Amino acid sequence: MDKKRLIIYPILFLVTLAIATQGFTNLGLDGLIVPLLFTFAYFTIIFVIATVIKNNSIVDIGWGMGFVVGSWLTLLVTEEPTILSYVIVGFITVWGLRLSLRLLKRNYGKPEDFRYAQWREEWGEKVVLIAFFRVFMVQGIINFIVGSASYTVIKYNEFSFDAAHQYFVYAGLLIALVGLIFEVVGDEQLRQHISKKTGKLLQSGLWSVTRHPNYFGEILIWIGLYASGITLFFTGSVNPIYYILLAISPILMSTVLIKISTPLLEKNMEKYDEWEEYTQRVPMLFPWAKK
């Protein structure tokens, strides 16, 4: 492991711990230390399984379930959960289970994804140690940070149907629901298109307004879940500055999708003859955005 990463990893861990403990001010069960520890334990279990079967790409299958684990554990240590707490946990459970089961069905019985296979070859005899940190622990950190805003809302919200600011909650949940619809419908349209084996690029349905409706949907989901917690500014149940900083949740997820996932996928899509014309006509992520 190079010196640069020996510095980066402890910093990442400290930042994550700071988020879980509200800036190291809440080290007990009152903070998010429980979902943090169990997120690390969850990805460690996946690491052990991946090492045994020599397939590190199963971490992708476990990604969605990581949020499910984190949200349910947060709910279990919440003293007085509200209906909003249950709604967000239910939403994340539906989203996470669907994502993990979809990837399991698609990848079951297949060899290790080419990206992870390439890293396995590059890392050689040190693959187990390097993969533990660079694949599983880094994904665990990202998983927790992205989920941290939702876990905070689950634990600290004081939602009431009588409160004047309840409409901020409804607006946030509506955004998240629209995102889920984009993701589910987009994935299903792609599945049906692939099953036809036309060998052509999918350009109809949601794929006619955005080249990545599923990624756009996921961005909306995390923005919406964060927005549903804006009421925390009114109730004072957490420090407003802390929740402002938790905007890192949707920002980080959006950055990963826009800067990493989308370019990797689009590089693979260049093989289609229609690709260049398609990219000129349809925006990369945000529907109806001007070209």
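1. Start with a term. A residue is buried if its relative accessible area is under 20%, exposed if over 50%, and partly exposed in between (1.4 Å probe, protein chains only). E183 counts as buried, at 3% relative accessibility. E183 is found in helix α7. Helices here are DSSP runs (H or I, at least four residues), numbered from the N terminus.

2. A word on the source. This is a predicted model, where local features need pLDDT of at least 70, side-chain atom pairs count only at pLDDT 80 or more, and totals for chains, interfaces and linings use all residues. Residues are numbered from 1 along each chain as its sequence is written, and side-chain values use heavy atoms, with hydrogens and water left out.

3. What does E183 touch, leaving aside residues up to four places away in sequence? Its contacts are W95, R98, L99, P213, N214, G217, E218 and I221. Contact means heavy atoms within 4.5 Å. E183 also belongs to a network with R98, R102 and D187, joined by salt bridges that share partners. A salt bridge is a side-chain nitrogen of Lys or Arg within 4 Å of a carboxyl oxygen of Asp or Glu.

4. How many salt bridges does the whole structure hold? The search finds 10. One of them joins D60 and R115, 3.0 Å from N to O. D60 lies in helix α3 and R115 in helix α5 (residues 114-123), so this pair ties together parts that are 55 residues apart in sequence. R115 is partly exposed, at 31% relative accessibility.

5. R211 and E266 also meet in a salt bridge, at 2.8 Å from N to O. R211 sits in the loop between α7 and α8, and E266 in helix α11 (residues 248-269), so the pair links parts that are 55 residues apart in sequence. Both R211 and E266 are buried.

6. E277 and R281 form a salt bridge inside one helix. Their closest N and O atoms are 2.9 Å apart. The two residues are four apart in helix α12 (residues 275-281), about one helical turn. An α-helix has 3.6 residues a turn, so residues three or four places apart point the same way. E277 is partly exposed at 44%, and R281 is partly exposed at 39%.

7. Now the rings. Rings of Phe, Tyr and Trp (its six-membered ring) pair if their centres lie within 6.5 Å; planes under 30 degrees apart are stacked, over 60 edge-to-face, and the rest tilted. The count is 22 aromatic pairs. Take F47 and F136: their ring centres are 5.4 Å apart and their planes are at 70°, so the pair is edge-to-face. F47 lies in helix α2 (residues 33-53) and F136 in helix α6 (residues 127-156), so the pair ties together parts 89 residues apart in sequence. F47 is buried at 12%, and F136 is buried at 0%.

8. F67 and W222 make a tilted pair, 4.8 Å centre to centre with 40° between the planes. F67 is in helix α3 (residues 58-76) and W222 in helix α8 (residues 213-227), so parts 155 residues apart in sequence are tied together. Both F67 and W222 are buried.

9. Back to α2. Its buried residues include I33, L36, F40, F43 and F47. The buried residues of α2 pack against α1 (3-20), α3 and α6. Just after α2, K54 takes a positive phi of about 55°.
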